[in-house]
Amino acid sequence: MKLAEGAFRALLLLYPARFRREFADDMQALFAERLDEATAAGRRFRFLLTTLLDVICSAAAERWLARSRGPRNLPLTSRSHPVSGFGQDLRYALRSLLRQPAYAAFIIGTLAIGIGAVTAVFSVVHGVLLRPLAFAESDRLVAVWGRFDPESGFDFPQFSLSAPEYLDYKAASKAMTDVAAYSNVSATIADAGAEPERVPASAVTANLFPLLRVQPAIGRSFTEE
Amino acid sequence: MPSDPREHLPLPPHDFHILLALLEAPQHAYGLSRTVDDDDGPLTLEIGSLYRILSRLTSAGLIESAAPAGEGGGHEARRKYYRITALGRRVAAAEAQRLDAVLRLARRHKLLPSRGSS
């Protein structure tokens, strides 16, 4: 409790001095009262988080107001009102940034790095965790690997299956509807009279395409025979 | 500061709520936040936002600090009270009239039931 109140008092330093002189003690009393009310841990966490964000935004707005406002005591409608003053605030922001190009570059650079970092993290999370595989019912697909225990003298926690192992899985497994295998290889293709070309390829079992429920882009799939 | 109430209109909704809450008697920020929260339903007026409004209303001369209502210890001793000024009352009344005119318009467009019907 005391720690939170101390942190809140420190947070109040974000406000302009005039605002602090007038309201800091009162704000701290209100903070203590509301903190007392939030008895459950979840509610207290939510209260602290919303208060933190709200105070940061409010303090930034008050500082902005203190800088942009010349004389005090203007009518409410002509001050930084959420809607009516927005255009005025925008113009003021642009003028301020143009007056201090180094500061503007710093702000824009910080924003760019922040946005870039968030985008990069989201791209990875999206690709790895969120986006499903491009196959039907991909949540039912599993990869089957072999494993050498260290006692065997080898330590391969993830090892490709051998052909006999694949045949055993296919014949004996009741947990899986079907099992297909593939092996990544390289192939050389060449048109008559043209330069041969090395391409990545896969040797696959006949049931791989039906299992993944995909059709070849050109021609037809093949069968066991 | 402008003494014509119309120059303060339209009032931001929370500002109007605060003025309404102070019409009866001076209140401290805790009481004000409870009143506004109760009137606005699930929306809570956070501490930073509340004091921005109090600062704004004080600067505009619509409310002012008042002496505490009574003696007390703990939080009570640190509380600051606010009361509405004469200008604040006139502005609240003008805002109420403005909203009344808006509501009459809404009734005419059948967005609200007319006053006679239940």
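Where is the place of Lys110(B) in chain B? I found Lys110(B) in the segment after H5 of chain B; helices (H or I, at least four residues) and strands (E, at least two) are DSSP runs, numbered from the N terminus.

**Conventions.** I am working on a predicted model, where local features need pLDDT of at least 70 and side-chain atom pairs count only at pLDDT 80 or more, while totals for chains, interfaces and linings use all residues. Residues are numbered from 1 along each chain as its sequence is written, chains are lettered from A and ligands numbered from 1 in the order in which they are written, and side-chain values use heavy atoms, with hydrogens and water left out.

**Backbone.** I looked up phi for Lys110(B) and noted a positive value of about 60°, although Lys110(B) is not a glycine. Lys110(B) is exposed, at 74% relative accessibility; buried means under 20% relative accessible area, exposed over 50%, partly exposed in between (1.4 Å probe, protein chains only). Arg213(A) is not a glycine either, and has a positive phi of about 55°. I placed Arg213(A) in the segment after helix H7 (208–212) of chain A, and its 53% relative accessibility counts as exposed. I then checked omega: the peptide bond from Leu9(B) to Pro10(B) is cis, with omega near -5°. Pro10(B) sits in the segment before H1 of chain B. For reference, most residues other than glycine have a negative phi, and most peptide bonds are trans.

**Core.** I counted 43 residues in the largest nonpolar core, a set of buried Ala, Val, Leu, Ile, Met, Phe, Trp, Tyr and Cys residues joined through side-chain atoms within 4.5 Å. H2(A) gives the most to this core, with 7 residues. Among the residues with the most contacts inside the core are Met27(A), Tyr51(B) and Tyr82(B). Leaving aside neighbours within four places in sequence, I listed the contacts (heavy atoms within 4.5 Å) of Tyr51(B), including Phe19(A), Phe23(A), Met27(A) and Tyr82(B).

**Interface.** How much area do chain A and chain B bury between them? I read about 3000 Å², 54% of it on carbon and sulfur atoms; buried area is the accessible area (1.4 Å probe) that two parts lose on being put together, summed over both. The contact takes 36 residues from chain A and 36 residues from chain B. The rule finds 2 salt bridges across this interface, a salt bridge being a side-chain nitrogen of Lys or Arg within 4 Å of a carboxyl oxygen of Asp or Glu. I noted Glu37(A) with Arg34(B), at 2.6 Å, N to O. I also noted Glu62(A) with Arg52(B), the closest N and O atoms being 3.0 Å apart. Glu62(A) lies in helix H3 of chain A and Arg52(B) in helix H3 of chain B, so the pair joins two chains. Both Glu62(A) and Arg52(B) are buried.

**Other salt bridges.** I find 13 salt bridges over all chains. Arg9(A) and Asp25(A) meet at 3.3 Å, N to O. Arg9(A) lies in helix H1 of chain A and Asp25(A) in helix H2 of chain A, so the pair ties together parts 16 residues apart in sequence. Arg9(A) is partly exposed, at 41% relative accessibility. Arg213(A) came up again, in a salt-bridge network with Glu137(A) and Arg140(A).
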